[in-house]
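Thanks for making time, everyone.

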Amino acid sequence: MVTIEDLTPEHFEPVARWLSKPDINRWLATEWRNRVVSSTLIAIAARNRRNRLFLIRYNAQPCGLVALANTDAADKTAMVWYVLGEEELSGRGITSEALTQLTRFCFGEMGLASVYAWIMEDNMASRSVLEKAGLREAGWIRCAASSGGRQVDRIYFDLIASEVR
């Protein structure tokens, strides 16, 4: 069973540990990429009003994070992002289910009109997560991210309230 809940300080340390893993953070935005993340940085991110961080649990075990960034109340939109911190749980649909729960929260509780995400073109696992959660490819920005020492395209995905399953 997959659940999401507001991230609280007792989980800042495991989230920081997950976000410090190079095989995870290499796919993230530059503020997280290729660095060691501290629990203090997680606390700062959690206090930012444009962010909302949620712990993912699988069968009650903390295992990942789904989050909102760049939340814009006036335009009713936010960017979603996510990590599965426990590699042994990959391939079970946990992140896709957590993201589906997050989008329902965004449209139902927060009243957002649209959410979006981006991936690096060489991150096929993340493409699968987004598509399983109902997001659709919306467009590309060429050579917009650095991955493995080379410039790659960013692929954007979006979901609007009327498309939520």
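So, Trp32: buried or exposed? Trp32 is buried, with a relative accessible area of 9%, where buried means under 20% relative accessible area, exposed over 50%, and partly exposed in between, using a 1.4 Å probe and protein chains only. Trp81 counts as buried too, at 12% relative accessibility.

Quick housekeeping before I go on. This is a predicted model, so local features need pLDDT of at least 70 and side-chain atom pairs count only at pLDDT 80 or more, while totals for chains, interfaces and linings use all residues. Residues are numbered from 1 along each chain as its sequence is written, and side-chain values use heavy atoms, with hydrogens and water left out.

Back to the tryptophans. There are two aromatic pairs in the structure, and by a pair I mean rings of Phe, Tyr or Trp (the six-membered ring for Trp) with centres within 6.5 Å; planes under 30 degrees apart are stacked, over 60 edge-to-face, and the rest tilted. Trp32 and Trp81 have ring centres 5.6 Å apart and planes at 35°, so that pair is tilted. The pair links distant parts of the chain: Trp32 sits in the loop between helix H2 (22–25) and helix H3 (39–47), and Trp81 is in strand S4 (residues 77–84), 49 residues apart. The element names come from DSSP runs, with helices being H or I of at least four residues and strands E of at least two, numbered from the N terminus.

The other pair is Phe54 and Phe105, which is edge-to-face, at 5.5 Å centre to centre with 70° between the planes. This one also links distant parts of the chain, with Phe54 in strand S2 (residues 52–58) and Phe105 in helix H4 (residues 94–108), 51 residues apart. Both Phe54 and Phe105 are buried.

While we're on rings, two arginines are worth a look. Arg26 lies over the face of Trp27, 3.8 Å from the ring centre, and Arg154 does that with Trp118, at 3.7 Å from the ring centre. The rule there is CZ of Arg, or NZ of Lys, within 6 Å of the ring centre and within 35 degrees of the ring normal.

Now the sheet. How many strands does the open sheet have, and in what order? There are seven, in the order S1-S2-S3-S4-S5-S7-S6, with mixed pairing; two strands pair if DSSP finds at least two bridges between them. Strand S1 (2–6) and S6 are the edge strands, each pairing on one side only. From one strand to the next, the twist averages 30°.

Glu5 has Leu55 as its bridge partner in S2, and Val2 stands opposite Tyr58. S2 is largely enclosed by the rest of the structure, because six of its seven residues are buried. On to S3: seven bridges join S2 to S3, again antiparallel. Our friend Phe54 has Val66 as its bridge partner there. S2 and S3 make a hairpin with two residues between them, and Asn59 in the turn has a positive phi of about 50°.

Ala145 stands opposite Val152 in S7. That hairpin also has two residues between the strands, and Gly148 takes a positive phi near 60°.

Last stop, helix H1 (residues 12–19). The axes of H1 and H3 come within 8 Å and cross at roughly 105°. That makes H1 roughly perpendicular to H3, since 65 to 115 degrees counts as roughly perpendicular, under 35 as roughly parallel, over 145 as roughly antiparallel, and the rest as oblique. Axes are lines fitted to C-alpha atoms, for helices over the stretch in contact, and angles run from 0 to 180 degrees between N-to-C directions. Among the residues that meet here are Phe12 and Leu19 in H1, and Ile42 and Ala46 in H3; contact means heavy atoms within 4.5 Å.

H1 is mostly covered, with six of its eight residues buried. Those are Phe12, Pro14, Val15, Ala16, Trp18 and Leu19, and they pack against H2, H3, S2, strand S3 (61–72) and S4.
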